[in-house]
Amino acid sequence: MAEPRLATVPETSDQFLVLLTVEEAARRLRIGRTTCFRLVLAGEIESVTVGRLRRVPADAVPAYVAKLRHRPAHAA
């Protein structure tokens, strides 16, 4: 007998959300949750508080990537 599958929400379903959890932002950036929390706490990725919750505006994710693209490369 086949194992029962858990119902999962496709990743594309969150494309219309205005506010993301830090985990959702990390998934969009393809980085780890802990790394994303560090970037949020450092102010590298914009975030807001809603009550006691920390949320990342959806447009802050591409803004962060744009910021990375315009940083000068470090010499090795």
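Which side chain meets that of Glu23 in a salt bridge? The partner is Arg33, with 3.1 Å from N to O. This is a predicted model. Three strands form an open sheet, and the largest nonpolar core holds 14 residues. Two salt bridges are counted.

**Sheet**

- The strand order is β1-β3-β2, and the pairing is antiparallel.
- β1 (19-20) and β2 (48-50) are the edge strands, each pairing on one side only.
- Two bridges join β1 to β3 (residues 53-57), in the antiparallel sense.
- Within that sheet, Leu19 stands opposite Pro57 of β3.

**Salt bridge Glu23–Arg33**

- The Glu23 and Arg33 side chains form this salt bridge, at 3.1 Å from N to O.
- Glu23 lies in helix α1 (residues 22-29) and Arg33 in helix α2 (residues 33-41).
- The two are ten residues apart, and the pair links distant parts of the chain.
- Glu23 has a relative accessible area of 35%, so it counts as partly exposed.
- Arg33 is also partly exposed, because its relative accessibility is 47%.

**Salt bridge Glu44–Arg71**

- Glu44 bridges to Arg71, and their closest N and O atoms are 2.3 Å apart.
- Glu44 sits in the loop between α2 and β2, whereas Arg71 sits in the segment after α3 (60-69).
- Glu44 is partly exposed at 26% relative accessibility.
- Arg71 is partly exposed as well, at 42%.

**Nonpolar core**

- Five residues touch the most other members of the 14-residue core: Ala25, Cys36, Ile45, Val56 and Val61.
- Helices α1, α2 and α3 each supply at least two core residues.
- α1 gives the most, with four residues.
- Ala25 touches Leu20, Cys36, Val56 and Val61, leaving aside residues up to four places away in sequence.

**Helix α1**

- Which residues of α1 are buried? They are Val22, Glu24, Ala25, Ala26 and Leu29.
- In an α-helix there are 3.6 residues a turn, so residues three or four places apart point the same way.
- The cover over the buried residues of α1 includes β1, α2, β3 and α3.
- Glu24 is among the buried residues of α1, whereas Glu23 is partly exposed.

**Ala60 in helix α3**

- Ala60 is found in helix α3.
- Is Ala60 buried or exposed? Ala60 is buried, because its relative accessibility is 4% and the cut-off for buried is under 20%.
- Ala60 touches Ile45 and Glu46, again leaving aside residues up to four places away in sequence.
- Ile45 is also one of the core residues that touch the most other members.
- The C-alpha atoms of Ala60 and Ala25 are separated by 9.0 Å, although the two residues are 35 apart along the chain.

Conventions. Residues numbered from 1 in each chain as written. Predicted model: local features only at pLDDT ≥ 70, side-chain atom pairs only at ≥ 80, totals over all residues. Heavy atoms only, no water. Pairing = 2+ DSSP bridges. Salt bridge = Lys/Arg side-chain N within 4 Å of Asp/Glu carboxyl O. Buried < 20%, exposed > 50% of the residue type's maximum accessible area, 1.4 Å probe, protein only. Core = buried A, V, L, I, M, F, W, Y, C linked by side-chain atoms within 4.5 Å. Contact = heavy atoms within 4.5 Å.
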